[in-house]
Amino acid sequence: MSGTYLGMPAFPEAAATATANGRLRANLTHATHTIRDKRAAAVGELTDWAALRAAGAAVKDRTLRHLDHYLTQAEEAVTAAGGTVHWAADAREANRIVTRLVRETGEREVVKVKSMATQEIGLNAALAGAGVRAYETDLAELIVQLGDDLPSHILVPAIHRNRQEIREIFTERMADWGRPAPVGLSDRPGELAEAARLHLREKFLRAKVGISGANFLVAETGTLVVVESEGNGRMCVTLPETLISVVGIEKVVPTWRDLEVYLQLLPRSSTAERMNPYTSTWTGTTDSDGPRAFHLVLLDNGRTDALADTVGRQALRCIRCSACLNVCPVYERAGGHAYGSAYPGPIGAILTPQLRGTTSEVDASLPYASSLCGACYEVCPVAIDIPEVLVHLRERVVQGGPATVRGQRTRLKPAKGHAAERAAMRAARWALDRPGVLRAGQRVAARTRRLHPGRLPGPGRAWTDTREVPAVPAESFRDWWRRTGGREDR
Amino acid sequence: MRVALFVTCINDTLYPRTGRAVVSLLRRLGVEAEFPEAQSCCGQPQFNTGYRWETEPLVRRFAAAFAGFDYVVTPSGSCAAMVRDNYPRIGAKAAAEGRGEELTRAAEAVVPRTLELTEFLVDVLGVTDVGAYYPHRVTYHPTCHGLRMLGLGTKPKRLLDAVAGLDLVELPGAQECCGFGGTFSVKNAAVSAAMGADKARHIMGTGAQAVCTVDNSCQLHIGGTLARLGSPVRPVHLAEILASTDKEQW
Ligand code: SF4
């Protein structure tokens with residue numbers, strides 16, 4: 001890993017490599033199965049889960065329908081509370097705004113709360129380019145950063161690492177970033193956590209600028225909400241003099257009463273807790289407490305394009321709980337890096353092609369990174385029908401069609417490399433729409449069945465590398481029915 | 001009650017025995033199923049790969065072939081789910097594209113009448129004991145579309161529980177996908193194979209002689225993987241177990 005998602009191979013190749021990595025597979029299987037069982041238990045405790053889930057979907061849908069209204073309301077409330085609101089149309093603009101704000105403080109380093117939005121826009125690299133060092137303070141993000149790695153999970157970015165690997169990373173790399181790891185550090189979780197605590201404490205106390213994302217933005221009061229387990233986020237949003245929050249425009253919820261629904265849905269779905277240990281909320285600035293200056297950067301970066309798509313827009317309901325990753329059999333084997341973006345797993349497979357488009361090879365391959373088993377939809381706390389969106393995006397890849405790109409309605413051309421498949425699908429449909437042709441084909445297959453090879457050439461090899469092909473029966477059902485009228489039992 | 005069998009293209013071509021078992025089973029229960037020869041494929045492979053336009057003629061064909069029947073019964077959870085979940089979507093998209101209501105009407109005509117076999121047995125005929133005899137140790141894999149899209153729940157298991165002589169053994173990780181996924185099995189062959197291998201390992205660990213599902217498309221993958229691994233466990237469709245009696249074993 002080199003700290004960038006640029007130029008990643010298409011999903012099937014990256015996934016094949018990951019699947020062959022035994023240690024990675026073992027780490028992922030262990031971690032995802034543990035959390036998925038716990039989630040099921042935590043959700044099972046609530047008798048009104050189905051109603052909560054429906055409410056979670058409905059509130060987001062209504063908010064997204066009137067997003068312009070709620071965003072303006074949020075902007076006014078944040079401004080009235082002493083904050084400054086900035087609007088960023090894309091990643092580049094957001095990075096430019098944040099970089100400028102940091103430089104204006106004269107500081108050369110910032111502490112960061114774990115944030116998906118800043119991963120999405122590649123903020124750390126942009127800051128580094130401007131000579132500003134960004135320190136990740138979430139334990140797992142710290143492991144990723146020290147290891148010059150990329151996150152592979154929304155909630156547990158270092159899920160692909162085990163404790164021995166973490167010990168190695170701490171021992172070898174902490175010194176480059178600040179306080180070195182204690183001599184003789186073992187791989188006991190308690191010792192590893194203590195090493196991280198000592199390393200990070202120094203940074204919290206020194207930092208003058210904090211950067212965060214947010215899980216929610218309550219429009220009626222302009223309040224930002226961060227939900228976390230470690231408390232590091234709270235340090236970042238309270239200790240520094242300047243706080244900058246980069247927040248996707250879909251994170252807005254109208255009222256505190258609406259927020260209540262998500263504060264129940266999120267912890268049970270993500271960490272399988274009834275309630276998360278730390279919920280930090282802040283509204284603008286407050287006299288003699290917390291940051292002196294607060295900036296909110298509202299990020300679009302493809303979200304209004306997704307909003308214009310009547311099927312795809314449900315992906316914007318996502319509250320980044322990662323339950324869909326933890327139950328996904330494909331994620332479990334492919335790992336997060338194969339998805340080529342900050343958003344791995346099922347949600348990444350439907351979100352990334354909407355935010356970035358389907359022109360690159362990896363983005364066009366993402367909607368196919370699923371067996372459509374539906375486990376993700378079953379656990380999603382805001383009822384995003386991920387298989388439905390996957391198929392919808394597959395259509396966009398192979399057929400093209402209308403879409404909104406950077407605010408403009410256009411007709412997309414099909415992605416490259418599907419001509420042979422398109423011809424095969426058309427031919428199959430042609431035959432299937434003519435039962436006489438289908439029957440003739442079945443008869444040829446039956447007559448030649450002793451000649452069928454066990455290993456197929458070309459695309460068929462992908463099947464026969466690991467699976468036998470079934471023997472073709474001497475008589476199709478269709479022919480049996482014609483011969484017997486369905487009257488002859490065995 | 002006029003009942004049509006939608007055998008599905010894969011059973012028609014590769015697993016005719018399953019179709020014949022359904023005919024035999026229903027006859028035993030007093031239902032003479034008909035086989036409209038105009039039927040072919042529900043269009044799922046095309047639709048799920050992104051070729052909605054290639055699916056539309058097959059939706060029309062399905063609706064025309066099964067017009068006039070009270071029920072369309074199919075031994076496939078996946079194909080039943082295709083009709084019930086996706087035909088209305090195909091209709092809605094065509095309408096949104098300004099191509100009228102024809103496909104929506106075609107969908108509406110078949111959606112409420114199309115049932116997977118176990119739904120027809122348990123919900124329409126009201127039977128769970130179909131008088132079957134199958135003296136083997138069997139494990140059951142709930143295929144994803146039957147489990148999650150149709151919500152078959154305990155229906156297949158209740159039917160299996162009532163089979164005389166059958167020793168039903170629990171499959172660990174039963175609800176995990178086998179990794180078939182239609183074109184997924186070749187587009188993402190490595191992940192599909194890894195999922196299949198894990199499923200096969202779980203199946204072999206049960207000590208069962210046969211693995212039963214309500215979907216032969218998944219069996220194509222599960223059975224093909226088991227065979228390649230040299231396992232003697234046989235893939236068998238639920239219909240064939242239910243059709244078996246002490247006089248004739250399918
Ligand atoms: S798509 Fe649903 S399950 Fe997946 S992270 Fe988002 S909210 Fe959670």
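Biologist: Is Thr8(B) buried or exposed?
Modeller: Bear in mind that this is a predicted model. Thr8(B) sits in the loop between strand 1 (3-5) and helix 1 (9-13) of chain B. The cut-off for buried is under 20% relative accessible area. At 1% relative accessibility, Thr8(B) is therefore buried.

Biologist: And what is the phi of Thr8(B)?
Modeller: Most residues other than glycine have a negative phi. Thr8(B) is not a glycine, yet its phi is positive, at about 80 degrees.

Biologist: Where in chain A is Asp148(A), and what phi does Asp148(A) have?
Modeller: Look in the loop between helix 8 (139-146) and helix 9 (163-177) of chain A for Asp148(A). Asp148(A) is partly exposed there, with a relative accessible area of 42%. Its phi is positive, though the residue is not glycine, and comes out near 50 degrees.

Biologist: How many salt bridges cross the interface of chain B and chain A?
Modeller: Start with the contact itself, which takes 70 residues from chain A and 68 residues from chain B. Between them the two chains bury about 6000 Å², with 55% of that on carbon and sulfur atoms. Polar contact links 38 residue pairs across the interface, both residues being at pLDDT 80 or more. As for salt bridges, the rule finds 17.

Biologist: Which helix gives the most to the side of chain B that touches chain A?
Modeller: By class, that side of chain B has 31 nonpolar, 19 polar and 18 charged residues. The top helix gives eight residues, and that is helix 11 (residues 189-205) of chain B.

Biologist: Which residue of chain A forms a salt bridge with Arg228(B)?
Modeller: The closest N and O atoms of this pair are 2.6 Å apart. A salt bridge needs nitrogen and oxygen within 4 Å. The partner of Arg228(B) is Glu468(A).

Biologist: What does the salt bridge of Glu421(A) and Lys187(B) join?
Modeller: The closest N and O atoms of the pair are 2.5 Å apart. Both ends are partly exposed, Glu421(A) at 21% relative accessible area and Lys187(B) at 23%. Glu421(A) belongs to helix 20 (residues 419-432) of chain A and Lys187(B) to helix 10 (residues 184-187) of chain B, so the pair joins two chains.

Biologist: How many residues apart in sequence are the parts that Asp479(A) and Arg439(A) tie together?
Modeller: These two form a salt bridge with the closest N and O atoms 2.6 Å apart. Asp479(A) is buried at 11% relative accessibility, and Arg439(A) is buried at 7%. Asp479(A) lies in helix 23 (residues 477-484) and Arg439(A) in helix 21 (residues 435-447) of chain A, so the parts tied together are 40 residues apart.

Biologist: At what angle do helix 2 and helix 12 of chain A cross?
Modeller: Two packed helices are described by the angle and the distance between their axes. Here the axes of helix 2 (residues 22-44) and helix 12 (residues 256-270) of chain A come within 7 Å. Helix 2 contributes Ile35(A), Arg39(A), Ala42(A) and Val43(A), while helix 12 contributes Arg268(A), Ser269(A) and Ser270(A). The crossing angle is roughly 145 degrees.

Biologist: With which side chain does the side chain of Asp258(A) make a polar contact?
Modeller: Asp258(A) lies in helix 12 of chain A and is buried at 11% relative accessibility. Leaving out residues up to four places away in sequence, Asp258(A) touches Val59(A), Arg62(A) and Val253(A). The polar contact, at 2.9 Å, is with the side chain of Thr255(A).

Key
Residues numbered from 1 in each chain as written. Chains lettered and ligands numbered in written order. Heavy atoms only, no water. Contact = heavy atoms within 4.5 Å. Buried area = accessible area lost by both parts, 1.4 Å probe. Salt bridge = Lys/Arg side-chain N within 4 Å of Asp/Glu carboxyl O. Polar contact = N/O pair within 3.5 Å; in protein donor to acceptor, adjacent residues only side chain to side chain. Helix = DSSP H or I, 4+ residues; strand = E, 2+ residues; numbered from the N terminus. Nonpolar A, V, L, I, M, F, W, Y, C, P; charged D, E, K, R; others polar. Axes fitted to C-alpha atoms, helices over the stretch in contact; angles between N-to-C directions. Buried < 20%, exposed > 50% of the residue type's maximum accessible area, 1.4 Å probe, protein only.
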